[in-house]
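Thanks for sending this one over. Here are my notes, point by point, for you to hold against the coordinates.

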Amino acid sequence: MDTIENMDLASVLSLFEQSSLSEMELSCSRYSLKFKRPTSEDQVVVSTPVKTVAKKAEAAEPVAQSASEDLQTINSPIVGTFYLTPAPDAPPYVKVGSQVKQGDVVCTIEAMKLMNQLETEYDCEIVEILAKPEALVEFGQPLFKVKKL
Amino acid sequence: MIKKLLIANRGEIAVRVIRACRDLGIKTVAVFSTADANTLAVRMADEAVCIGESATDKSYLNVPNIITAACALRCDAIHPGVGFLSENADFAKKVEDAGLIFIGPKSETIALLGNKVAARTAALAAKIPITPGSTEVLKDLADAKETAKKIGYPVILKAAAGGGGRGMRIVRKEEQLEQSLQIAKKEALSFFGDASVHMERYLEQPRHVEIQLLADGQGTVVHLGERDCSVQKNHQKLLEESPSPILDEEMRKAMCADSVRLFKELGYRSAGTVEFLVEDGAYYFMEVNARLQVEHPVSELVSSIDLVQAQIAIAEGKKLNLKQKDVPLKGYALECRINALSAGKITNLSFPFGPFVRVDSYLETGSVLSPYYDSMIAKIIVWASDRDKGLAVMMRALEEVVIEGIKTNLEEQKLLITSKQFRSGRFGTDLYQKVCEQEK
């Protein structure tokens, strides 16, 4: 069996293409690679060993309006750590498919040791959770994709 | 050891700090407003976090968002740059309370020097000449009248908590005093949240000369000579040079010695500047800028010391392994600020190259100059063995500058540098009006 070091880029790429993965990251002493399957906007990303994160450009972009009119995003009003649950062992505030009323809490964003509970401004259904739990979210970053009810 | 540093600023100064970090092998985190997502500092930093909307109080002054970003991304330190939160004692304290290193003076020092009256008292205690005037806040109109009589008109009323040319009123006659005092107090309250006002003698034609210092907070203070910042427009500096063409050796020595003594008595840490007014062969303490300054490259070029790197080393607790004799000041440096007179897209931008020219900027062809922030496009700094040669190098550099799409002060700056008055070195803070406004 080949070690990763000895494989050429073409064979790594074909492995990825044959797999069902949507994203793959590899790093070894010789190189590091990141593959991502193209979505509607994205291209395949092959990152060089030096560049670490490619996240910074995309996060700051103004929130794209969804194709469907009643699909919206709930964006982070502050910089902080994103939590879906009020406590580590508690059930999440919402799941995909949850229907929430205006004023319901959908997540917690921790900033400067304060737990800020984010409330929805309108009745909606959670379509997708976009932010990664326990990761840093920045100002304006989309957290949830929702359908207005 | 600082391994990762967050820059709580934008524009050219953010780029300047990132460059120092790269020289030192320190990773950087840029923070940015929605208007700045596509700027050079964001691209140059190792990581970047959006901290708010365009308006500065929502982003670059948003303390919780900035500190949260620094903590979440495991930074060791925050550099505040210049402006924004750089002289905010409360911010410095919060940074320290969050377990991070604040690159700058101790928060107590910033708080003390932020109050003009307290700063004057500190200068007086260090036996530094201050402009004649009150050493305490004015109590009432009678107190103001008596003080004015003692020091002689014209006088200037200044907000104790003020700065940046705001909350100041010149009074030429006693009849104007009552009304001016009321307005000055009202302005002081609305700008700085503190109505206290003090009074100083108003100097009509002073030179603005400042001493750059570096202190490790462990007993060592050195100066990097002076910068003459007398060419101003509405209290905003346009050209800065070192050495000053009007200081003789004796006065330079006295001003530098006074400044070093003041910083020693304050137990000051980091880079800082003591500002003086000079008129008729005498100098007067004005204030301390407890931070890095926009014009710091002028002193870097004559001293060969990187001030930002020095700030970082001092913040790490390192001692300044320097004596004054290890800071030889060599040659002449001049900085020219290129400012925009209108916002918009820069359709073509090209900066000068060549011997002894340094350009600090963050803009490029296609950049959009945002109306939300400072209008400075670039700082062009040159070095030469003497002043005449330096002016020639600066003119050569300015001739190479191309900026299209927005209006700038480039032509005015050329006019100033080639003017007889500037060349002679003998002029006051009204040079801009004399040269540029007469031209129109």
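1. Let me begin with an arginine in chain B. R207(B) sits in strand 9 of chain B, which covers residues 207-216; helices (H or I, at least four residues) and strands (E, at least two) are DSSP runs numbered from the N terminus. Because its relative accessibility is 5%, R207(B) counts as buried, where buried means under 20% relative accessible area, exposed over 50% and partly exposed in between, with a 1.4 Å probe and protein chains only.

2. A word on the ground rules. This is a predicted model, in which local features need pLDDT of at least 70 and side-chain atom pairs count only at pLDDT 80 or more, while totals for chains, interfaces and linings use all residues. Residues are numbered from 1 along each chain as its sequence is written, chains are lettered from A and ligands numbered from 1 in the order in which they are written, and side-chain values use heavy atoms, with hydrogens and water left out.

3. Elsewhere in chain B, 5 strands form an open sheet with parallel pairing, in the order 3-2-1-4-5. Two strands pair if DSSP finds at least two bridges between them. At the edges are strand 3 (47-52) and strand 5 (101-102) of chain B, each pairing on one side only. Strand 1 (residues 4-7) and strand 4 (residues 77-79) of chain B are joined by 3 bridges in the parallel sense, and I7(B) has H79(B) as its bridge partner in strand 4.

4. Turning to chain A, there are 2 helices and 10 strands. Of its 149 residues, 30% are buried. Among chain A contacts between residues at least 6 apart in sequence, 50% join residues at least 24 apart.

5. Now the interface. Chain A and chain B bury about 1400 Å² between them, 66% of it on carbon and sulfur atoms; buried area is the accessible area (1.4 Å probe) that two parts lose on being put together, summed over both. On the side of chain A that touches chain B, helix 2 (55-60) and strand 6 (105-111) of chain A each supply at least two residues, and helix 2 gives the largest share, 3 residues. The contact takes 13 residues from chain A and 22 residues from chain B. Across the interface, 3 residue pairs are in polar contact, both at pLDDT 80 or more.

6. Finally, please look at E138(A), in the loop between strand 9 (136-137) and strand 10 (142-148) of chain A. Is E138(A) buried or exposed? E138(A) counts as buried because its relative accessibility is 4%. A polar atom of the E138(A) side chain lies 2.5 Å from the backbone nitrogen of C50(B). Within chain A, E138(A) and T81(A) are 57 residues apart in sequence and 8.8 Å apart in space, C-alpha to C-alpha.

Terms used:
Polar contact = N/O pair within 3.5 Å; in protein donor to acceptor, adjacent residues only side chain to side chain. Contact = heavy atoms within 4.5 Å.
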